[in-house]
Amino acid sequence: MRTLNFSNMTTTERDDRGNVSIVKMPRPPLPSSFHLYAANDFHVGNSETSEHAIEQFIHAVKSKKNSFVYLQGDQLESIAIDDKRFDLDVHSGRGPRFDAMRDAFMELLDPIADKVLVILDGNHERRLKNFFKPNQDIAKAWGTVYANGTLAKLIFPEFRLCAWHGSGFIGSYAGDQKQRHVNEQIALKRKLRRLPAQDCEITSCGHFHRLILSEPDPRLLLITDQEKNELVSDYTRPSRIWLDQGRGLYRVPEEERFYLCSGSFLRGYSEDMPSYVEDFGLEATELGYGKIEVKNDKLQKVETVKVTP
């Protein structure tokens, strides 16, 4: 796990002997108001990667002043010709060599390379971990931070965020579309709440190729006003339960956090093109990304954004 503290612009770093130290991040301080975009699962090297969807994402990032991005893994398909998953039809685009995939991804995202705060690995890149780390090359070329894994915590002055690539499967077989939608939010929350993110207002992931957002639901409370000695009503809002205020240790109640799954840029079904989605009879992937709005250091809005293939 990599921790980035944007309050004092430091990050953790591990040397060759495994010792952890705190070092300055290679970028200027962030402004107090900005837009933060979560993007993942580009799968460059797969013919189903939608470069049109990537162009829409880049346009959105560039259209807002003070925009920044964090990448949550599976930037590359990372499937070589000797891999049993290799399919000549599917993996004929932007590859198949890993260095070609890496360079193609850097070319596609070059217009916003200076806006990337951190790059995570996905399960596809992790398969290469013992002999090649393409995301480390990308981070070095772009002058940003490489997470050296699938998890990172981003600490901002007034809120915290935990980013994870993701693992496993999320889905629902309920009989009604609305119920399936709610069940997927609950499944996402169950998946993400186990992470070391009890002090984070937002926990986000990729991997599932879905756009899912579980938001805090304000709940009506009937409580007693001690001064007036009478019953009053109020609604819950995201709050901190302090464990040690002097050391800045607190937790955010589980039901008052945002849980975000930020889509992908890999199509599931295309005319005259096979895919794993087709082979396993899965739902179509949802193309898009996550967007977080911050104003005067305060968390204002968390949302998912759809794009077209």
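Which residue in β16 is the bridge partner of Ser204? In this predicted model, the bridge partner of Ser204 is Leu260.

**The eight-stranded sheet**

Eight strands make up an open sheet with mixed pairing, in the order β3-β2-β1-β8-β9-β10-β16-β11. Its edge strands are β3 (20-24) and β11, and each of them pairs on one side only. On average, neighbouring strands of this sheet are turned by 20° against each other, direction ignored. Helix α5 (residues 177-192) packs on the sheet and touches β9 (160-164), β10, β11 and β16. The direction of α5 makes about 105° with that of β16.

Strand β16 (residues 258-262) is mostly covered, with five of its five residues buried. Phe258, Leu260 and Ser262 point one way from the strand, whereas Tyr259 and Cys261 point the other way. In a regular strand, side chains alternate between the two faces of the sheet. On one side, β16 is joined to β10 (residues 202-205), which runs parallel to it, by four bridges. Strand β11 (residues 211-214) pairs with β16 in the antiparallel sense, also over four bridges, and here Leu211 stands opposite Ser262. At the other end of the strand order, β2 (residues 10-14) and β3 are antiparallel and share five bridges; the partner of Thr12 in β3 is Ile22.

**The six-stranded sheet**

A further open sheet has six strands in the order β7-β6-β5-β4-β17-β18, again with mixed pairing. β7 (145-146) and β18 (298-306) stand at the edges with a single partner strand each, so one side of each is left without a neighbour in the sheet. Helix α1 (residues 51-63) packs on this sheet, touching β4 (34-39), β5 and β17 (288-295), and its direction makes about 165° with that of β4.

Strands β5 (residues 67-71) and β6 (residues 116-119) run parallel and are joined by three bridges. β17 and β18 pair in the antiparallel sense over eight bridges. These two strands form a hairpin with two residues between them, and Asn296 in the turn has a positive phi of about 50°.

| Residue | Bridge partner | Strand of the partner |
|---|---|---|
| Val69 | Val116 | β6 |
| Lys291 | Glu303 | β18 |

Tyr37 is found in strand β4. Is Tyr37 buried or exposed? Tyr37 is buried, because its relative accessible area is 1% and buried means under 20%. Leaving aside neighbours within four places in sequence, the contacts of Tyr37 include Phe57, Ala60 and Val61, as well as Phe68, Val69, Tyr289 and Lys291. Gly166 is 129 residues from Tyr37 in sequence, and the two are 17 Å apart in space, C-alpha to C-alpha.

**A nonpolar surface patch**

Leu220, Leu222, Leu231 and Tyr235 form a nonpolar patch on the surface, and together they have about 460 Å² of accessible area. The elements that give two or more residues to this patch are β12 (220-225) and β13 (230-235). Leu222 is found in strand β12. Leu222 counts as exposed because its relative accessible area is 58%, and exposed means over 50%.

Conventions. Residues numbered from 1 in each chain as written. Predicted model: local features only at pLDDT ≥ 70, side-chain atom pairs only at ≥ 80, totals over all residues. Heavy atoms only, no water. Patch = residues over 30% accessible without salt bridge, like charges linked within 9 Å, V, L, I, M, F, W, Y side chains within 5 Å. Areas by Shrake-Rupley, 256 points an atom, 1.4 Å probe, with all protein chains shown as cover. Salt bridge = Lys/Arg side-chain N within 4 Å of Asp/Glu carboxyl O. Buried < 20%, exposed > 50% of the residue type's maximum accessible area, 1.4 Å probe, protein only. Pairing = 2+ DSSP bridges. Contact = heavy atoms within 4.5 Å. Axes fitted to C-alpha atoms, helices over the stretch in contact; angles between N-to-C directions.
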